[in-house]
Amino acid sequence: MKRTVSIILALCVLTLIFTGCTKKAGTVEYNLKTLSSDLQKSGAFSDILGEIDQKSVSTLYGVASADVSDCVVLCSTGATTEEIGLFKCADADAAARVLKAAKARIDSQKEAYQSYAPAEIPKLGDAIVRQDGVYVFYIVSADTAKAQAVLDKQGK
Amino acid sequence: MIMILSLLQQSACSSSISTAKASENQPGASPSADTAAPPASASVPPSASESPEVSKTDVPEKTAADDSYFSDAAFAGNSLVDGFRLFSGLSGCAYYAATSMTVAGASSKAAIKLDNGQMGTIVQALSQKPFGKIYILLGINEIGSNTSAFIDQYGKMLDTIIAAQPNCKIYVMSLTPVSRTKSESSDTYSMSRINEYNTALHKLAADKACYYLDLVSALAGPDGYLPADETTDGVHFAPKTYQKWCAYLKTHYV
């Protein structure tokens with residue numbers, strides 16, 4: 001009996017620990033404006049970037065506006081593929097859809113720039129395209145390490 | 001009778017002045033860096049009294065129209081039109097543009113998403129529904145090509161668009177300026193080459209009864225080049241340049 005209770009208690013503790021870890025990973029809050037500003041100041045980008053409006057974001061990425069509760073997207077002059085796309089999505093499922101759209105954008109940019117500006121292709125290969133809970137990041141830069149350092153700092 | 005003869009004589013004199021001015025505007029060799037002068041703007045048209053056919057193509061400056069003027073407009077062309085879509089602030093119109101688009105590609109490259117969701121060409125996109133005005137910017141991606149061949153292809157493209165849109169005002173936008181650094185480092189992307197293309201485009205627009213918009217005068221600085229702080233590669237624009245371009249279109253319409 002004592003042994004059974006001990007096992008049950010141990011299982012409960014393990015469950016609590018596991019739940020705590022999972023909860024922590026999905027609840028990082030990012031301030032998209034601050035993140036965008038820090039990225040631009042990081043020295044990771046070589047091109048001039050300009051912010052675009054929500055309607056242009058939906059067209060450019062092919063994402064439903066209902067899936068995105070907040071976003072900051074900065075596009076380059078077109079001379080490079082550099083871009084900052086920061087999305088806070090309605091929920092994890094919406095974030096998964098936006099992530100898919102972001103990956104599709106990488107593919108279409110590769111196709112567009114393959115012959116137009118081949119030197120840009122490595123930037124697309126090194127791009128940060130990932131989901132963190134309800135957030136999706138699409139960052140194509142001249143220096144991925146610098147961009148990643150900014151993300152890592154914000155995510156703490 | 002004497003008055004009629006006098007008027008005819010005046011008209012003949014005006015034509016010869018127009019011919020002389022046109023030949024003055026032919027681009028010569030690019031100036032060296034040491035003696036660089038502003039590039040000759042071959043896109044400045046003769047005055048109305050000297051060349052009536054060309055002047056009908058030019059669009060005078062007016063009180064600014066608001067965004068609603070562009071609600072039945074379509075913009076077609078290359079990556080600069082893509083940039084215009086993103087940064088000009090004009091969102092109520094149709095955009096059919098793609099990176100590396102050329103005048104040949106406008107009829108052959110399925111790079112545009114059509115209303116039915118399928119991919120098609122720019123010419124197909126412009127034929128989908130009636131537009132009140134169509135703005136076209138093409139040329140910088142093929143500026144290494146022979147001017148005559150470019151104009152020939154552009155003319156054929158215009159014929160197709162005009163046939164599909166008989167009641168539409170078509171604006172042929174000139175090639176845009178490049179930076180001094182770009183111009184002086186490249187025989188291809190030089191302002192003299194751009195001006196050569198634009199002179200030919202200007203004439204083509206007149207021949208096809210289209211309007212011509214001089215983006216060199218709209219976007220170049222006082223030295224005749226794209227300002228250095230408005231570009232990173234000498235060709236593509238910072239967001240503020242697109243806003244300048246938009247402001248120009250709002251004050252130059254028919």
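The structure is a predicted model, in which local features need pLDDT of at least 70 and side-chain atom pairs count only at pLDDT 80 or more, while totals for chains, interfaces and linings use all residues. Residues are numbered from 1 along each chain as its sequence is written, and chains are lettered from A and ligands numbered from 1 in the order in which they are written.

**Chain A**

Chain A holds six helices and five strands; helices (H or I, at least four residues) and strands (E, at least two) are DSSP runs, numbered from the N terminus. Read from the N terminus, the order of elements in chain A is α-α-β-α-β-β-α-α-β-β-α. Of the 156 residues in chain A, 36% are buried. A residue is termed buried if 20 or more other C-beta atoms lie within 10 Å of its own, exposed if 12 or fewer, and partly exposed in between, with C-beta atoms placed from the backbone.

The five strands form an open sheet with antiparallel pairing and the order 1-2-3-5-4. Strand 1 (50–51) and strand 4 (128–132) of chain A are at the edges with a single partner strand each, so one side of each has no neighbour in the sheet. Strands are said to pair if DSSP finds at least two bridges between them. Strand 5 (residues 135–140) of chain A pairs with strand 4 over five bridges, in the antiparallel sense. The pairing of strand 3 (residues 83–89) with strand 5 of chain A is likewise antiparallel and extends over six bridges. Individual partners in strand 5 are listed below.

| Residue | Partner in strand 5 of chain A |
|---|---|
| Val129(A) | Tyr138(A) |
| Ile128(A) | Ile139(A) |

**Interface and core**

Contact is defined by C-beta atoms, placed from the backbone, that lie within 7 Å. On this basis, 16 residues of chain B are in contact with 14 residues of chain A. Helix 3 (residues 79–87) of chain B supplies five residues, the largest share of the side of chain B that touches chain A.

The largest nonpolar core has 105 residues, and those touching the most other members are Val98(A), Val136(A), Ala76(B), Ile134(B), Tyr171(B) and Val172(B). Such a core is a set of buried Ala, Val, Leu, Ile, Met, Phe, Trp, Tyr and Cys residues joined through C-beta atoms within 7 Å. Beyond its neighbours within four places in sequence, Val172(B) has contacts that include Ile136(B), Leu201(B) and Tyr212(B).

**The loop between helices 9 and 10 of chain B**

His236(B) lies in the loop between helix 9 and helix 10 of chain B. His236(B) is buried, with 24 other C-beta atoms within 10 Å. Leaving out residues up to four places away in sequence, His236(B) touches residues that include Thr77(A), Gly78(A) and Ala79(A), as well as Ser79(B). Gly224(B) is found in the loop between helix 9 (215–219) and helix 10 (239–251) of chain B, and counts as partly exposed with 19 C-beta neighbours inside 10 Å.

Note on methods:
Two residues are in contact if their C-beta atoms, placed from the backbone, lie within 7 Å.
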